[in-house]
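Please open the model in your viewer and keep the selection tool at hand.

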Amino acid sequence: MKKMLLLIGLSLFAGRLQAQLTPFELSKDKNYTATYAEVMAYYPKLVKQYPQQVKLFNYGSTDVGKPLTLVVVSKSGDFDPAKIKQQNKRVILINNGIHPGEPEGIDASMMLVRDLLQKKKLPNDVLVCFIALYNIDGSLNRGVSRISQNGPRAYGFRGNYRNLDLNRDFIKADSRNALAFMQILNTWQPDVFLDNHASNGADYQYVMTLIETQKDKQQPLLAEYTAKTLSPELYKRMAKSGYEMVPYVESIKRTPDSGIVAFLETPRFSTGYTVQHNIISYVTETHMLKPYDKKVYATYDFMQHLIDVCQRDARQIGELKQRADEQVKQQKTFALNWDLDEQQFEMISFKGYQAGYKPSDISGFNRLYYDRSKPYTKEIKYYNTYKPTLTADKPVAYIIPQAWGKIIDLFKLNKVAMRRLKHDTTLTLQTYYIADYKTGARPYEGHYLHNSVKLNTINDNRVKFYEGDYVVYTNQAINRYIVETLEPQGVDSFFAWGFFDSMLNQKEHYSDYVFEDIAFDYLKKHPELQKQLDDEKAKNPQLAQSGPAQLEYIYRNSPFYENTYMRYPVGRLLTNTQLDLQ
Ligand SMILES: [Zn+2]
């Protein structure tokens with residue numbers, strides 16, 4: 001009998017060991033998020049216990065020198081991305097801790113991975129990949145920097161080791177974290193992506209809010225499925241499990257009862273970048289003022305529902321992704337910028353708290369407060385229509401001089417198909433000159449961002465390229481990434497982020513007293529330019545009355561002037577020209 005009890009006791013103990021509780025679960029008040037060291041100590045134990053179904057993969061490095069760890073769970077035990085594709089399985093990629101002060105996903109994923117394994121709940125047709133902790137750098141810098149937030153009691157900092165907000169880094173890719181992320185995304189090629197966050201802003205009743213890829217930015221086939229099937233199902237299931245959701249709350253005025261605006265994830269954001277790869281994408285945003293455990297459990301439930309619905313719709317999602325990829329290969333016109341259509345809105349039910357103003361105890365001036373004793377349910381306006389304000393027609397191919405190495409590296413990482421010129425070649429193609437642009441007065445995320453770019457388009461420009469320069473045909477599933485980064489007017493184009501700033505300075509000029517005589521000689525030999533100057537003077541009194549302006553006019557219209565100044569170096573090949581390619 002004694003022996004029997006001992007055995008029961010031992011097996012209970014073993015059962016508890018097997019449970020692999022997370023540091024969050026082990027903490028008494030559930031107001032604790034795992035440290036990076038704890039996360040890294042936790043997953044290997046699961047691997048040891050379930051070596052067939054879970055594997056860890058390390059990618060590249062983050063800015064703090066540690067690799068990015070991907071946790072992959074696979075029911076069949078296959079971990080070869082090519083084989084997974086062959087087996088027509090779906091892949092979900094879940095990102096955690098891009099903002100380490102919003103760590104719900106880190107703790108929830110640790111629990112979920114364990115439960116999927118332990119409770120034998122791994123989906124048949126879906127492989128799930130978790131980035132254990134994306135902003136490792138920030139998470140090591142632990143403190144209480146999100147002072148408006150209700151827990152956990154300590155957490156990492158938003159900026160990474162270079163003080164970058166990594167969720168603005170997906171086009172410029174300054175951080176090594178972003179490069180490792182691109183490696184992961186393009187290796188596993190997910191069908192569905194989720195980025196776990198916590199919100200700032202207004203107070204209201206919901207624990208969980210959701211950003212889905214903005215429907216007018218998403219590929220139409222995927223947008224229809226997301227808006228009509230996947231998202232409603234997720235809303236329904238979350239409500240059933242006690243976490244009713246609402247779209248992410250960005251108030252059009254001060255408080256949400258004035259109406260809320262759908263978030264526009266431009267390509268700099270994780271989900272703006274994944275949408276360029278035709279990936280259905282979500283961002284969860286738990287509410288900062290709810291207790292930490294509720295935020296973790298809500299994130300856990302959302303992930304579980306997402307996995308379940310993806311399993312249910314695995315075949316459909318796969319077919320849609322394939323069709324979307326095919327359509328994007330054929331797509332001719334691409335939106336580069338979007339604006340909210342303030343005329344369009346729908347009414348949604350919203351559970352808020354009454355907002356009011358009262359004198360501040362500090363200043364005596366009026367301050368905002370939300371009265372939790374006065375909850376309300378109201379119909380509010382939800383603005384979720386964006387219109388493209390600028391579009392570009394794709395060329396047959398872009399020609400990128402190899403000098404722009406960072407772009408070539410990023411394109412390679414993103415599996416953009418590229419060919420190279422076999423010989424030095426002069427091509428007749430369309431080029432842009434930057435006619436005007438504005439630049440922020442202060443740096444933003446490490447760059448002086450350009451905007452309001454105006455172009456002067458020159459057709460049939462003859463431009464010399466060199467052996468080894470890159471040719472990017474625009475018949476690719478990843479066309480959106482190609483066009484949105486290479487068209488300089490795009491809100492998050494490489495040009496906007498300052499990749500081509502060296503083209504914006506003139507390298508040579510003239511000494512006016514010397515050029516006077518040379519220009520006079522040149523005009524004598526080129527009466528057509530003399531006529532052009534006279535015609536221009538007749539139209540433009542400022543030119544007519546200025547000696548230096550006339551000299552400059554002759555210079556700019558002569559072969560002495562450098563034609564590379566302000567020339568956007570990526571050429572646009574508009575016709576199917578036969579090229580000699582490597
Ligand atoms: Zn965030």
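Predicted model: local features only at pLDDT ≥ 70, side-chain atom pairs only at ≥ 80, totals over all residues.

Among contacts between residues at least 6 apart in sequence, 77% join residues at least 24 apart.

Next, colour the chain by domain, using 2–330 for domain 1, 388–506 together with 564–573 for domain 2, and 512–556 for domain 3. The centres of domain 1 and domain 2, taken over C-alpha atoms, are separated by 33 Å, and the contact takes 21 residues from domain 1 and 19 residues from domain 2. On the domain 1 side of this contact, select α7 (176–188) and α11 (314–330), the elements that give two or more residues to it; α7 provides the largest share, 4 residues. By class, that side of domain 1 has 7 nonpolar, 6 polar and 8 charged residues.

Finally, select helix α5 (residues 104–118) and helix α10 (residues 292–312), which pack at an angle of about 55 degrees with their axes 8 Å apart. The two helices are therefore oblique to each other, and their crossing is right-handed. To see where they meet, show the side chains of α5 residues including Asp 107, Met 111 and Leu 112, and of α10 residues including Val 296, Tyr 300 and Met 303. By class, this contact has 6 nonpolar, 3 polar and 3 charged residues.

Conventions. Residues numbered from 1 in each chain as written. Axes fitted to C-alpha atoms, helices over the stretch in contact; angles between N-to-C directions. Parallel < 35°, antiparallel > 145°, perpendicular 65-115°, else oblique. Left-handed = near helix turned anticlockwise from the far one by under 90°. Contact = placed C-beta atoms within 7 Å. Nonpolar A, V, L, I, M, F, W, Y, C, P; charged D, E, K, R; others polar. Domains from an automatic or database assignment.
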